[in-house]
Amino acid sequence: MDLRKEYITLKKELFDIYYRDLNNKQREAVYAVNGPVLILAGAGSGKTTVLVNRIAHIIRFGDAYNSDLVPEFVSEDTIEEMKKARTLGKRELGDYLTKFAVSPAPAWSVMGITFTNKAAGEIKTRIGEIFGEESDEYSSIMTGTFHSVCCRFLRRYGSLVGYDTNFSICDTADSKNLITECMKRLDIDEKTLAVKSVQNTISKAKDKLMTPEDLAGEAGNDFKLKKIAEIYSVYQERLKTQNLLDFDDIIMATVELLSGHEDVRNTLQRRYRYICVDEYQDTNFAQLRLTLLLSGYYKNIMVVGDEDQSIYKFRGAVIENILSFDQNYDNTRVIKLEENYRSTQTILDAANSIISHNTGRLGKTLWTQSEKGDPIIVSNLDTQIDEGRYISTVISDERTKNGFSFRDFAVLYRMNAQSRAIEQALVKSAIPYRVLGGLRFFERLEVKDIVSYLYVINNPMDDVRLRRIINTPRRGIGNRSVEIAVLLAYEEGFSLLEFMRNARKYSAISPSASKSMQEFAFLIDSLRESVAKMTVSNFIMKVIDDSGYERMIREIENKTERDERLSNLDELINTAKQYEQTSDEPSLSGFLEEVALISDVDRYDDEADAVVLMTIHSAKGLEFPIVFLPGMEENVFPGYQTIMNPEELEEERRLAYVAVTRAKKKVYISHVNSRMLNGQTQMNQISRFVREIPDSLIQQTAMDSYRSPYSSGYYGKRTGSAFSGKYNYDWSAGKPETKQSKPKTPLEVFEVGDNVSHGLFGNGVILSVKQMGGDILYEVVFEEHGTKKLMATFAKLKKIN
DNA sequence: AGCTAAAATGTTTTT
DNA sequence: CATTTTAGCT
């Protein structure tokens, strides 16, 4: 009897030894194999390690740890053997432990959904390290983003929900074009209803799994919403006839597939016994439904997330998904990972302090065993040119004095537009760097054009892409002819390409245009015939050549521009070559899917020795020894759109939390007195997020004086404060004179009922006055332009009588 | 009808 | 400031 107990205790001990690199909480998460598990993982708490180990654990040992199963006869010898195993090496111990396995799951029955393809790839690589890259486990495990996983389902079962299996994915820009077209068809003026907001509303509706009818139903008397529902309806119909899905459709159609087709649902629910979802705080309603459906049979679902890092509300993420996970599943096990392995205590204290200003948190406090580390360095510069120079000087300094490499630095900003000034400074200092995001690679004009050719060749119904390339390079098919062709094609029920093949039969198209159209259709048709005969990369070269695109680019006068474009096309070809090597069955449609779903961060390679510049959003999930946070100013970060809205402000604060927690060793924060943004010079106060960091964690450098108390309105111009930090650079070198920021002329103050005039909106009456930080918010009713909310500093209102 | 050049306009974050 | 829209020119 006692032997049996000892057997169980020893078995657990051996597993604990095997996972000795993990802490107690992490181990608990790995052992929690069956049933719903919620892991609240703070930044840098080793959640990828947990995810990988847990998946491997499920595959190798199943529920071995928790099981009370004991062989019928346990002898002293067995116990002795187990005791000896304590000293085995990691690998041998792992092999030994497989004999305790209890219903281990085949690798193909485990699904890991992550936020980026890169994270998915990392999980796969680490699974490969455990099982070997040649193993079945490595090749059969299903990892990917929500979108890539859903695409795989739709390629297989898409016909059940009305999509042909060679469907294409339509990105945001393409979908915007299509919506514009739909609005034209419905005769809705773009000025009364902005395309962007229509697109946004439709996207949000899809996130909530609402059909056009649902949206119309919810609209009630809301005229605008009714119109949008109408557009949505037409848009959806157009997408379907062209065999296109937008990003939201990918999820929505998969949910539709699973909820509407019991047989498919049963098959998939039983196939995927274990589901793991990463970054759960950023899932939207549709994704929640999807996970509920997939895990509906076994309910073995583990979600990992951090409510403090939820930064995609604007994209439909519902933070409640993680906050109320336990309401969707009975007997949820909750495990909190709070020990941080990434940052110094100072960085964590700063991050904790910032995030503590948010309400509605589950509450988590990161701690670490590592040292206190250097203080957060806060610098005040005059302009963003100085800011760029400051950053490049610090990089050179840290590199020469403290032995860091270029790859150890990341510059994280709120908006892509901020990268320019920093790039210029880095170029001047000859510091190698890469920018992620911004004009994303696949969104560059020439890349998009060639990819559009590929889309049309892959799916001839794709009118959206066809319209993009119909006259690029110039073929003498002008806008007017295209408009007519689209209209006629629609009436006759043809795709645009099909119509163009027979363009000459229609007298409405001018003879010269119809000739060009037929030639173009012939070009596409003949390219289509060679797709199967060559590799994707070779085919792309053929397209670039045959379409006349290369000739067009070579005719560009400007050398730099020409070379830039040619090198972008080269990179496209290289991407295709890479794809051919990594994919098991390379095909044009496979390549196109990758093109549509891959993000810039996925392409980020941390081996290259270069400083990396990206938005804070893109940086989520990454870490760097030294992080620069430029532009920590009110109206920039937090952005001016968010300042009025407490909820959005909290999201900005979470973003600040994400930013700070990317750093392992040091954080350099900077803010400037005057910033050129959108062609206007702004004078912004230091960001409230910096003020939320305790003084004791901060070291100020340069001419800072920002720490004036809240109440004393202005700042940035206290005189006489000396340089105080160890970094004492001459920022103004090379400039004739550094302009002291000018004292603001006291603004005229208005009261409710005052008559005022505005440069743009004309005359109006003050409706309300609200004190906002160091500024005043006026609500004004204008005679011509209705009610507007204006900040006193920017509006330049004048009193009239 | 198509192309080029000047005018207007509008700006967060992304799979 | 950089892209998109519109007016004028060929």
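Tutor: Start with the rule: a salt bridge is a side-chain nitrogen of Lys or Arg within 4 Å of a carboxyl oxygen of Asp or Glu. The model is a predicted one. The rule gives a count of 49 salt bridges.

Take Asp-278 and Lys-47. Their side chains meet in a salt bridge, at 3.4 Å from N to O. Asp-278 sits in the loop between β6 (274-277) and α15 (285-294), while Lys-47 belongs to helix α3 (residues 47-61), so this pair ties together parts 231 residues apart in sequence. Asp-278 has a relative accessible area of 8%, so it is buried, because buried means under 20%.

Next, Lys-313 and Glu-647. These side chains form a salt bridge at 2.5 Å, N to O. This pair, too, links distant parts of the chain: Lys-313 is in the loop between β7 (301-305) and α16 (320-323), Glu-647 is in helix α32 (residues 646-661), and they are 334 residues apart. Lys-313 is partly exposed, at 37% relative accessible area. Glu-647 counts as exposed, at 51%, because the exposed class begins over 50%.

Now a pair within one helix. Glu-498 and Arg-501 meet in a salt bridge at 2.6 Å, N to O. Both lie in helix α24 (residues 496-501), 3 residues apart, which is about one turn of the helix. Glu-498 is partly exposed at 28% relative accessibility. Arg-501 is partly exposed at 27%.

Finally, a network. Salt bridges link Glu-181, Arg-185, Arg-238, Asp-463, Arg-467 and Glu-483.

Key. Residues are numbered from 1 along each chain as its sequence is written. Chains are lettered from A and ligands numbered from 1 in the order in which they are written. This is a predicted model: local features need pLDDT of at least 70, side-chain atom pairs count only at pLDDT 80 or more; totals for chains, interfaces and linings use all residues. Side-chain values use heavy atoms; hydrogens and water are left out. Helices (H or I, at least four residues) and strands (E, at least two) are DSSP runs, numbered from the N terminus. Buried means under 20% relative accessible area, exposed over 50%, partly exposed in between (1.4 Å probe, protein chains only).
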